[in-house]
Amino acid sequence: MLPKFYQICFQKQLEKTAYLTLNILIFLLQIHKKVTIESLATLMPYPILFESRRRNIQRFLKLPMLNIRSLWFPLVKYIIRRHFKKVKELRLAIDRTQWREWNLFVISLIWSKRAIPLYWEILPKRGSSNLREQQKLISPVLGLLKRHQIVILGDREFGSVKLANWLCTKKVKFVLRVKEGRYIRGEGEEFKRLSEAGLMPGTSFYLQGVEVTKQKGFGKFDIAGYWQRKYRRHQLKEGWYLLTNMGSVKAAIKAFKCRSGIEAMFKDCKTGGYNLEKSHANKERLNRLILLIAIAYSSAIIIGQKLKLKGMQKYVGRMTEWGRKVRRHSSFWIGLYGYCWVVGMEFCEEIVEELMRIRSNKLPFFQKGMRARNMILYTL
């Protein structure tokens, strides 16, 4: 299921056996959506003992070439060059997800209402990240995307004046949500809390050049406020207070709304998709397993977008559903389901042919379905 460029890149970077093993593991991830070493070894279609398959996967995950910079960054450059030609700004969301004693800290590129991980760090601790860890996460991506205009998006954990000041020194745009208890002061005014700025449902404001903390030495920033109006009996409990340098409330809100893509990505990588939280691998192997997920996840999105452009999604999943404002399936799931559909048809080929012979009156529909299957196979 790997796109052609992925195959070319991996063949250059990996030895033959490692390249073939990588293809098998990506295949297993897309079909079975289980990322634990035990599950991968159980399902691996390789005619050796189970224990040998498990050790084979463990050795594979220790290969030095399986790292973000040499194997993943070239693919990121290709994705941006191929799929973001007309995009003026790349929106990057930072967030973390926690399970057991680990903290997975990720910076991701927002793409098609989802996000693909660009770079990540595994923090061996619980709780929030600090400024040093945030800088360590963002810096490699700034070097990778130095030719592009980027916007960093972060929730309240990252609404730090220190982080905003550091991003300003890097000449990077940002939209960082801050807590309503943060103090601000305009020109010639006294300090007041953001909660006292008068934000109400259905209103917004934009304050330029205000001090955002009582501490000295961090300069002045802009603050955008937004509280969505009540829509179809749904009302948000609170508004957004955003630390930004976007220049207008419209630009800041439009960018920050895209941040939800990283939450959808975490769901796809965890219980809602690849079941990453069930992995008990050590830090080194866990980092390599996340790399496999990034490869599989991005390739599924690419395939899903191609199937949508060809109008093949109606053979893969439900197109519309009453009462839903957005489509049921994302490009990620269309790509994943499309792959599973054609693989299932190949496995049950004789049964399917017998069913088509019995229901010969449906032949025109079967012919259309078979053409769709062939087009999906060609896309894969």
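**A friendly note on strands, helices and cores**

1. Let's start with a pair of strands. S1 (residues 89-99) runs antiparallel to S2, and eight bridges join the two. Please keep in mind throughout that this is a predicted model. To find your place in the pairing, look for glutamine 98, which sits opposite asparagine 103 of S2. The hairpin linking S1 and S2 has two residues between the strands, and arginine 100 there has a positive phi near 50°.

2. Now follow the chain onward. S2 also pairs with strand S3 (residues 114-123), again in the antiparallel sense, this time over nine bridges. Here isoleucine 110 faces alanine 115 of S3. The hairpin of S2 and S3 has two residues between the strands, and serine 112 takes a positive phi near 55° in that hairpin.

3. Is strand S2 largely enclosed or open? Residues 102-111 make up this strand, and ten of the ten are buried, so S2 is largely enclosed by the rest of the structure. Buried here means under 20% relative accessible area.

4. Next, a pair of helices. The axes of H10 (residues 283-309) and H11 (residues 331-347) come within 6 Å and cross at roughly 90°. An angle from 65 to 115 degrees counts as roughly perpendicular, and H10 and H11 are therefore roughly perpendicular to each other. On the H10 side, the contact includes Tyr297, Ala300 and Leu307, while H11 brings residues including Phe332, Ile334 and Gly338. Sorted by type, the residues of this contact are eight nonpolar, five polar and one charged.

5. Which residues touch the most other members of the largest nonpolar core? They are Phe10, Trp72 and Ile152, in a core of 116 residues. Helix H10 gives the most to this core, with 13 residues. There is also a second, separate core of eight residues, among them Leu307, Ile334, Ala372 and Ile376.

6. Tryptophan 72 deserves a look of its own. Setting aside neighbours within four places in sequence, its contacts include Pro117, Leu118 and Trp120, as well as Leu291, Ala294 and Ile295.

7. Finally, two lysines to check in the loops. Lysine 33 lies between helix H2 (16-32) and helix H3 (37-43), and its phi is near 55°, a positive value in a residue other than glycine. Lysine 171 is in the loop between helix H7 (161-169) and strand S5 (173-177). Lysine 171 is not a glycine either, yet its phi is positive, at about 60°. Is lysine 171 buried or exposed? With a relative accessible area of 75%, lysine 171 is exposed, since the cut-off for exposed is over 50%.

Conventions: Residues are numbered from 1 along each chain as its sequence is written. This is a predicted model: local features need pLDDT of at least 70, side-chain atom pairs count only at pLDDT 80 or more; totals for chains, interfaces and linings use all residues. Side-chain values use heavy atoms; hydrogens and water are left out. Buried means under 20% relative accessible area, exposed over 50%, partly exposed in between (1.4 Å probe, protein chains only). Helices (H or I, at least four residues) and strands (E, at least two) are DSSP runs, numbered from the N terminus. Two strands pair if DSSP finds at least two bridges between them. Axes are lines fitted to C-alpha atoms, for helices over the stretch in contact, and angles run from 0 to 180 degrees between N-to-C directions. Angles under 35 degrees count as roughly parallel, over 145 as roughly antiparallel, 65 to 115 as roughly perpendicular and the rest as oblique. Contact means heavy atoms within 4.5 Å. Ala, Val, Leu, Ile, Met, Phe, Trp, Tyr, Cys and Pro count as nonpolar, Asp, Glu, Lys and Arg as charged, and the others, Gly among them, as polar. A nonpolar core is a set of buried Ala, Val, Leu, Ile, Met, Phe, Trp, Tyr and Cys residues joined through side-chain atoms within 4.5 Å.
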